[in-house]
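This briefing covers one protein chain.

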Amino acid sequence: MAEQKEKQTMKPEKVRFPIGAKLVIMISVLLLIALGTITMLVTWFGSEEVQITAEENNRTVNAQTASAVENELSSIRANAFLLLDILNTAESTSGFAKQAAAFYFDRNPSVAAVLVTDSRRSDGIERTFFNTTFFLAHELDSSLVRTFLKQEKDVALQVERGIMKILNAAPLFNQPMLVLFYPYKEKGLSQGLAVFFSAEKITDGFGQGTLQTTYLVNDTGDILIHPDFELVRNATNVASFPLFTQMRENGDTNRQMLFEDAHGKKHFGSYTRLSLGDSAVLTTAEAAQVLEPVNDTAKRNLYLSIAV
């Protein structure tokens, strides 16, 4: 009887946490960890792949543009020297010189003027050849050429001492205009060759892409050609831009790098230095924009993990 009473008074023990719930929680945690790990790995590998592709695209675009620019500048220089060589060799009269210049400008319509500078002369100019058709077509005054040379007397003097230069004349001409300065010797005298030419043809190869921006700068960081002409017109200088400063410090011909600008934004950058005038072609792409598709995919995978 006592045992029966004792059994009747004993109550069944309550299960504090059902084993089924424990299994569900454990499986859910493991699933979240697995999905989280997969998401992280996919994002990481995706970022690496996108970065490699972006760097390769930067390098390819930069190298192709640099090659095209160097070929064009070399052609302009060679043709101008050929004109002067013909005139010197033929001991030309003024009539022959005008005819030779006319033929030259017919073959080189983008060239506005060819001059031989000489700092020993009062006006600093030894010879001048103007493309009248160019100035009429662009509604420009040829006196702008002399005005520019007066402003850049120091540069002309450096050129006569053997230093090549490429300058931006767009702020004065109010259109894409470059000046190629090259050392020149005539009859044993150290002089300079100055070729004023339109940069419109070269600019066509600098079209701004969705992610990349490619532009040409000279040795002091002045932007010579850029898809945004306002930067050229306003004589924008990038001497303090990290990609330019790294290029000057490295001293190599070309390189691909990841750098951070003054605002803390990361960029993929590539540069190629030209053999003419110590100028360079720079190509940049903002890292955040390049990696945006990968980040968006990672967010979607994360949301999917949370939903599961």
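This is a predicted model: local features need pLDDT of at least 70, side-chain atom pairs count only at pLDDT 80 or more; totals for chains, interfaces and linings use all residues.

E186 counts as buried, at 11% relative accessibility, while R127 counts as partly exposed, at 23%.

**Other salt bridges**

- Side chains of opposite charge can pair when their charged atoms come close.
- The search of the whole structure finds 11 salt bridges.
- One of them joins E72 to K201, the closest N and O atoms being 3.7 Å apart. This pair links distant parts of the chain, with E72 in helix α2 (residues 19–89) and K201 in helix α8 (residues 200–203), 129 residues apart.
- E72 is buried, with a relative accessible area of 18%, whereas K201 is exposed, at 56% relative accessibility.
- R146 forms a salt bridge with D123, and their closest N and O atoms are 3.8 Å apart. R146 sits in helix α5 and D123 in the loop between β1 and β2, 23 residues apart.
- R146 is partly exposed, with a relative accessible area of 34%, and D123 is also partly exposed, at 40% relative accessibility.
- A network of salt bridges links R248, R273 and D278.

**The five-stranded sheet**

- Five strands make up an open sheet in the order β2-β1-β5-β4-β3, with antiparallel pairing.
- The edge strands, each pairing on one side only, are β2 (125–130) and β3.
- On average, neighbouring strands of this sheet are turned by 20° against each other, direction ignored.
- β4 and β5 pair in the antiparallel sense over 10 bridges. Within this part of the sheet, M177 stands opposite S198 in β5.

**Helices on the sheet**

- Helix α5 (residues 143–151) packs on the sheet and touches β1, β2, β3, β4 and β5. The direction of α5 makes about 145° with that of β2.
- α6 also packs on the sheet, touching β1, β3, β4 and β5. The direction of α6 makes about 125° with that of β5.

**The two faces of α6**

- In helix α6 (residues 153–160), the buried residues are V155, A156, V159 and E160. Seen down the axis of α6, these buried residues fall within an arc of 140°, so they line one face of the helix.
- An α-helix has 3.6 residues a turn, so residues three or four places apart point the same way.
- The cover over the buried residues of α6 includes β1 (111–117), β3 (165–168), β4 (177–186) and β5 (189–198).
- K153 and D154 are exposed and lie on the face of α6 turned away from its buried side.
- Just after α6, G162 takes a positive phi of about 110°.

**Overall figures**

- The protein has 12 helices and 10 strands.
- Of its 308 residues, 40% count as buried.
- The protein exposes about 17900 Å², of which carbon and sulfur atoms supply 55%.
- Among contacts between residues at least 6 apart in sequence, 53% join residues at least 24 apart.

Methods. Residues are numbered from 1 along each chain as its sequence is written. Side-chain values use heavy atoms; hydrogens and water are left out. Buried means under 20% relative accessible area, exposed over 50%, partly exposed in between (1.4 Å probe, protein chains only). Helices (H or I, at least four residues) and strands (E, at least two) are DSSP runs, numbered from the N terminus. The arc is that of the directions from the helix axis to the C-beta atoms. Contact means heavy atoms within 4.5 Å. Two strands pair if DSSP finds at least two bridges between them. Axes are lines fitted to C-alpha atoms, for helices over the stretch in contact, and angles run from 0 to 180 degrees between N-to-C directions. Accessible areas come from the Shrake-Rupley method with a 1.4 Å probe; for residues, only the protein chains shown count as cover. A salt bridge is a side-chain nitrogen of Lys or Arg within 4 Å of a carboxyl oxygen of Asp or Glu.
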